[in-house]
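Subject: Structure for you to look over

Hello,

Here is the structure I promised. Please open it first, then read my notes below.

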Amino acid sequence: MELGLQDKVVIITGAASGIGRASLRAFAAEGARVLAVDINAAQLAAAVEELPAARVKAHAADVTDADQVQTMVAHAVASFGRLDVMFSNAGGAIPTPTEQQGLADYRRIMALNLDAVYYAVHAALPVMLAQGSGCFLSTSSGAGMNAATGLAVYGAAKAGVISLMRSIATEYGGRGIRANTIAPGPMDTPPVRAWLGTFDDGLARFARQVPSGRLGTGEDIARAAVFLASDAAEFINGAAVPVDGAVHARLASPQID
Ligand SMILES: NC(=O)c1ccc[n+]([C@@H]2O[C@H](COP(=O)([O-])OP(=O)(O)OC[C@H]3O[C@@H](n4cnc5c(N)ncnc54)[C@H](O)[C@@H]3O)[C@@H](O)[C@H]2O)c1
């Protein structure tokens with residue numbers, strides 16, 4: 001299948017680690033030109049170093065700062081001449097029982113997981129409308145589709161991302177714009193590994209709850225991202241796609257230990 005990503009210009013946020021880093025490799029392998037964005041400049045440099053310098057550029061930025069997001073989009077356009085895919089992937093949770101969640105953490109979680117996605121829409125939409133084409137892709141979460149203990153604020157932010165992408169798809173689908181969301185399930189990425197380490201047998205217990213029998217990988221999500229951003233997905237618009245080994249499809253059952 002021809003994906004049509006050769007030479008497409010893609011911004012990926014959170015590109016230094018986990019899902020973003022796997023996506024950076026996957027888009028580069030398809031011949032896309034990528035502005036790789038992360039707040040962690042050193043880790044970002046290491047991620048970009050292994051990829052062709054003419055096609056992949058590092059851009060250190062804090063996506064919770066609207067001015068830095070404007071500069072990020074301007075840098076992609078100045079470097080590569082256009083912007084085809086805005087992949088807002090940077091994000092993260094602060095798992096906390098809701099009654100203990102402070103307001104400062106509430107604001108931090110919203111800023112990273114929802115405000116930043118809107119800032120990217122605000123900055124990139126005029127560029128894409130002028131081109132008559134463009135694709136927004138955002139990493140939501142299973143916690144944005146269903147509820148998870150200790151993730152009330154994160155889940156609200158990630159549900160907001162799904163709603164925002166649907167609105168963009170609906171409002172601008174007739175002007176060549178697509179906007180979709182990926183909702184990863186339980187993932188084997190650095191922050192989750194660290195969190196699972198705080199529970200007895202956390203990794204194995206978590207994996208047993210996934211019908212497909214394992215945690216997801218960055219590559220699982222990256223393959224979905226590449227497809228959704230590609231011309232092969234031109235009629236997929238406003239979708240929230242779970243990539244979670246069927247976690248979203250499972251009902252509670254006494255047969256699950
Ligand atoms: N890991 C999971 O289980 C899981 C599940 C569902 C959804 N997600 C979502 O997937 C996305 C990627 O998560 P991951 O697991 O790959 O995490 P990760 O921590 O491995 O990668 C996140 C990257 O985002 C960067 N980042 C953080 N704050 C930033 C900021 N203000 N500006 C720019 N970059 C910033 C970090 O430096 C890091 O490199 C996030 O949106 C997360 O919420 C993850």
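A word on terms before the sheet: two strands count as paired if DSSP finds at least two bridges between them. Strand β6 (residues 177-184) meets that with β7, through four bridges in the parallel sense. In that pair, A183 stands opposite P242 of β7. Keep in mind that this is a predicted model.

**The sheet**

In what order do the strands of the open sheet run? The order is β3-β2-β1-β4-β5-β6-β7, seven strands with parallel pairing. β3 (56-60) and β7 (240-243) are the edge strands; each has a single partner, so one side of each has no neighbour in the sheet. From one strand to the next, the twist averages 20 degrees.

Two helices to look at here are α1 and α8. Helix α1 packs on the sheet and touches β1, β2 (33-38), β3, β4, β5 and β6. The direction of α1 makes about 165 degrees with that of β1. Helix α8 (residues 218-229) also packs on the sheet, with β1, β4, β5, β6 and β7 as the strands touched. The direction of α8 makes about 165 degrees with that of β6.

**Strand β4**

Now look at β4. On one side, β1 (residues 9-13) runs parallel to β4 and is joined to it by three bridges. V10 stands opposite V85 there. β4 also pairs with β5 (residues 134-139), again parallel, over four bridges. F87 has L137 as its bridge partner in β5.

Are the faces of β4 buried or exposed? Both are covered: V85 and F87 are buried on one side, M86 and S88 on the other. In general, side chains of a regular strand alternate between the two faces of the sheet.

**The helix pair α4 and α5**

Helix α4 (residues 103-131) packs against helix α5 (residues 152-172). Their axes are 8 Å apart, at an angle of about 10 degrees. The two helices are therefore roughly parallel to each other.

From α4, the contact takes in Y106, I109, M110, N113, L114, V117, Y118 and V121. From α5, the residues are V153, Y154, A157, K158, G160, V161, L164 and I168. By class, that makes 13 nonpolar, two polar and one charged.

R166 also belongs to α5. R166 and A239 are 73 residues apart in sequence, yet their C-alpha atoms are 7.0 Å apart.

**I94**

I94 sits in the loop between β4 (85-88) and α4. With 15 other C-beta atoms within 10 Å, I94 is partly exposed. Beyond its neighbours within four places in sequence, I94 contacts D105 and I109. I109 is also one of the α4 residues that meet α5.

**The ligand**

How many residues surround the ligand? The shell has 27, and the closest are G14, S17, G18, G91 and M187. The elements that give two or more residues to the shell are α1 (18-29) and α6 (190-196). By class, the shell holds twelve nonpolar, 13 polar and two charged residues.

Over to you.

Best wishes

Technical notes. Residues numbered from 1 in each chain as written. Predicted model: local features only at pLDDT ≥ 70, side-chain atom pairs only at ≥ 80, totals over all residues. Near = placed C-beta within 6 Å. Nonpolar A, V, L, I, M, F, W, Y, C, P; charged D, E, K, R; others polar. Axes fitted to C-alpha atoms, helices over the stretch in contact; angles between N-to-C directions. Parallel < 35°, antiparallel > 145°, perpendicular 65-115°, else oblique. Contact = placed C-beta atoms within 7 Å. Buried ≥ 20, exposed ≤ 12 C-beta atoms within 10 Å, placed from the backbone.
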